[in-house]
Amino acid sequence: MKRRTFRAEGAHVGRALVEAVAAELALPVVDVRRLVDVGAVYVAGRRARDGAVKLQPSQVVTVVLEEAGQSPLEASKPAVPLRVLFEDADVIAVDKPAGLNAQPTEGRVGGSLVDLVSEHLGRQAGLVHRLDRETTGVTVFGKTPAATSALAEAFREGTARKRYLAATGPGLPAGGTVDLPLSKDPSRPGRWRATRAANGVPAWTDYRTLFAGEAFSLVELLPRTGRTHQLRAHLTALEHPILGDSRYGGEGSAGGLMAPRCLLHAHALELGHPRTGRPLRLEAPVPDDMRAFFESAGVRVPEGPIVAADAS
């Protein structure tokens, strides 16, 4: 993340936001207006919506100039078709594709999964949980405030059961439980570490190796908690980071097979319906790029209900 921050002083006081930013950053006013339009400019910690607003004395202005190696002014990718897995009056579940942010980022609004779902509904979708940008699979939203609250509670209380599939390097143990707490890694911004040496938050992941080959392992992950980067950090702690996960040390290739991205997929989700309480099972098929990676090694991708991993 690359930002520029300045305080409204001297000639900037009483000046229009776009003019002050243009002068401070030596940018054309037209580019600054575009930065405001995409949501990359903040005044006093809040995203600016009006480029003509006059700056007050000592207000702090922050401009996001780069995010994930990309300028906010770069054209966003065309919207992907929304794949709806389930929808009724209370709930909508969709299959998140790779490369799509779950929600608006610090440097850009619009074009995220929550924006696409909201557009589909014609009103704001209730965000309940998030998948990382490169992670694919089941994502559920509430369609009413009551449904959103009930779904969020299911995730918070751990009654929502999640099943992920991932590929790691070879040699992963047959199965077990990782119960290492998670904390931010001070030496690597944006990364979490799984260790008892820091004062982290509790996190548990059951896992079971479904295929153990010479090139890679296919693993089923059943997280009991839902911490940020939990699965990525826990597998790294086992010295088997997810293939294609460059942030956590995952190699892009294994045995001559190239991982197209971080090979993590939210395959299935089970939870109670927020209004009726009846069991609701949602499943997203393994995406084409991940399936091709597995099948190129002759591995059949598993389907079916969530089962408890062998924690022995």
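Mentor: Leaving aside residues up to four places away in sequence, His234 touches Val178, Leu180, Leu182, Ala194, Ala203, Trp204 and Thr205. Keep in mind that this is a predicted model. His234 sits in helix H5, residues 230-237. Its relative accessibility is 2%, and buried means under 20%, so His234 counts as buried.

Now step back to His229. This residue lies in the loop between strand E14 (217-223) and H5. His229 is buried too, with a relative accessible area of 10%. Its phi is near 60°, a positive value in a residue other than glycine.

Ser58 also has a positive phi without being glycine, here near 70°. Ser58 belongs to the loop between E3 and E4. Its relative accessible area is 42%, which makes Ser58 partly exposed.

Four strands form an open sheet in the order E1-E4-E2-E3, with antiparallel pairing. Strand E1 (2-7) and strand E3 (46-47) each have a single partner strand, so they stand at the edges and one side of each lacks a neighbour in the sheet. The pairing of such strands runs through backbone hydrogen bonds. E1 and strand E4 (residues 60-66) run antiparallel and are joined by six bridges. Within E4, Glu66 is the bridge partner of Lys2.

Helix H1 (residues 17-25) lies across E1, strand E2 (41-43) and E4. H1 runs at about 110° to E1.

Terms used:
Residues numbered from 1 in each chain as written. Predicted model: local features only at pLDDT ≥ 70, side-chain atom pairs only at ≥ 80, totals over all residues. Heavy atoms only, no water. Pairing = 2+ DSSP bridges. Helix = DSSP H or I, 4+ residues; strand = E, 2+ residues; numbered from the N terminus. Contact = heavy atoms within 4.5 Å. Axes fitted to C-alpha atoms, helices over the stretch in contact; angles between N-to-C directions. Buried < 20%, exposed > 50% of the residue type's maximum accessible area, 1.4 Å probe, protein only.
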